[in-house]
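Please look through the sequence and the model before reading on.

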Amino acid sequence: MISVAGYQIDLSDPVTQAIAGGVGVLVLILILLIMAVRAAGRSARMTEPLAHQIGALGQHVQHLSAGQEQLRGGLQTVSDTQANAQTQVIQTVEARLADVQQNMQDRLADNAMRSQRALTDMQERMKESLHGSSKQTTTSLTQLQERLAAIDKAQDNITKLSGDVLSLQDILSNKQTRGAFGEIQLRDIVSKALPSDSYAWQHTLSNGKRADCLIHLPNPPGPIVIDSKFPLEAYEALRAAETDWELKDAVAKMKTAVTKHIADISEKYIIEGETADGALMFLPSEAVYAELHANFPDIVRKGFDARVWIVSPTTCMATLNTMRAILKDARMREQAGAIRKTLKQLHRDVELVVERVGKLDTHFRQAQKDVHEISTAAERAGKRATRLDNFDFEELDTPDVKVLPLTRTEGSG
């Protein structure tokens with residue numbers, strides 16, 4: 001028995017038990033409802049973010065659909081732009097190819113004209129050269145024929161000379177004719193070596209002696225006499241000696257004759273204040289000259305002491321050439337003023353030549369530069385032609401053609 005608010009409840013009563021059971025069931029249902037409501041509230045709170053995410057996902061799907069449409073439009077625009085750009089590139093390349101071909105044709109035509117002119121000039125020069133060679137060949141053949149004719153004539157002269165040897169021996173055996181022969185030989189040598197106004201023949205000196213040849217040299221050394229006579233009999237006896245006694249006798253006669261001749265020349269042709277302090281004894285034979293220097297050196301020294309210089313045809317020519325240099329130097333001193341004036345004019349001519357050579361060198365350098373530039377242009381044109389022949393659009397690098405880049409448009413997500 002339980003007392004509640006003044007009421008007595010009997011727990012053993014079935015009605016009470018039933019009411020208590022109903023109340024308990026009701027309370028249990030209420031509790032379950034409260035729990036269910038709480039669970040539903042928690043579920044609603046848990047599903048609210050998911051709903052928000054699903055809504056955002058729907059919006060993203062809508063944005064993606066719009067971006068896809070814009071991308072499809074951009075791709076179409078890019079495709080159209082690329083097609084237009086490719087068309088423009090092709091048109092530009094075709095135009096440039098036409099210009100390059102025209103330029104190449106013009107340059108090739110110009111080079112062909114220059115080559116033709118150069119070939120024509122070369123042909124003209126070759127014709128002139130061949131003509132000159134033909135003319136020289138004809139001249140050479142003519143000269144050869146003339147020389148052959150001269151050889152035939154010389155052969156005839158040799159035949160005649162073989163018969164004239166005996167006559168020459170007859171001339172040399174005579175003392176007077178031998179002197180004339182030596183003088184003729186001396187005349188020939190002197191006339192070839194010296195100017196005609198620098199010597200005199202058979203000149204009479206102040207002592208009354210007549211010199212075979214007098215060379216007019218300036219002081220010093222002064223005029224010098226050349227004597228062409230020589231005692232050849234002693235030399236012939238020396239050459240003809242067969243025994244020792246004959247040889248000894250010929251040597252003694254040779255020394256006596258030559259010594260006397262040296263003394264005569266020194267006495268007759270060396271005059272103080274009128275001639276040089278020496279004279280020349282001319283030997284018309286190289287053999288006699290060699291014999292004296294080889295076997296009679298004492299006679300040669302006597303000649304030096306007497307200031308009589310023994311010369312042969314060869315050494316006489318060398319001596320006369322030295323005299324010619326002396327005469328030339330004396331005349332140059334006399335003509336010093338005229339020579340200086342001529343040298344001044346020559347110096348001016350040389351300056352003009354140097355100036356003209358400088359101008360000619362400038363022209364040559366300009367021509368060389370032009371040829372080098374032509375060669376460089378031709379090489380460059382050849383390289384361009386090769387590059388155009390192997391043309392590849394992927395290697396195109398033209399600054400005039402602008403290709404639109406593939407960029408992302410604004411608002412495309």
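Predicted model: local features only at pLDDT ≥ 70, side-chain atom pairs only at ≥ 80, totals over all residues.

An α-helix has 3.6 residues a turn, so residues three or four places apart point the same way. Helix 4 covers residues 244-269, and its 26 residues reach 37 Å from the first C-alpha to the last, which is close to the 38 Å expected at 1.5 Å a residue.

Helix 3 (residues 232-240) packs against helix 4 at an angle of about 160°, and their axes lie 8 Å apart. Because angles over 145 degrees count as roughly antiparallel, helix 3 is roughly antiparallel to helix 4. The crossing of helix 3 with helix 4 is left-handed, and the residues that make the contact are listed below.

| Helix | Residues in the contact |
|---|---|
| Helix 3 | Ala234, Tyr235, Ala237, Leu238 and Ala240 |
| Helix 4 | Glu246, Leu247, Ala250, Val251, Lys253, Met254 and Ala257 |

Elsewhere in the chain, Ser312 sits in the loop between strand 7 (308-311) and helix 7 (313-334). Ser312 counts as buried because its relative accessibility is 1%, where buried means under 20%. Apart from neighbours within four places in sequence, Ser312 is in contact with Phe282, Leu283, Glu286 and Tyr289.

Taken as a whole, the protein chain has eight helices and seven strands, and 18% of its 413 residues are buried. Among the contacts with a separation of 6 or more, 65% join residues 24 or more positions apart. The protein chain exposes about 30500 Å², of which carbon and sulfur atoms supply 58%.

Conventions
Residues numbered from 1 in each chain as written. Heavy atoms only, no water. Helix = DSSP H or I, 4+ residues; strand = E, 2+ residues; numbered from the N terminus. Buried < 20%, exposed > 50% of the residue type's maximum accessible area, 1.4 Å probe, protein only. Contact = heavy atoms within 4.5 Å. Areas by Shrake-Rupley, 256 points an atom, 1.4 Å probe, with all protein chains shown as cover. Expected span 1.5 Å × (residues − 1). Axes fitted to C-alpha atoms, helices over the stretch in contact; angles between N-to-C directions. Parallel < 35°, antiparallel > 145°, perpendicular 65-115°, else oblique. Left-handed = near helix turned anticlockwise from the far one by under 90°.
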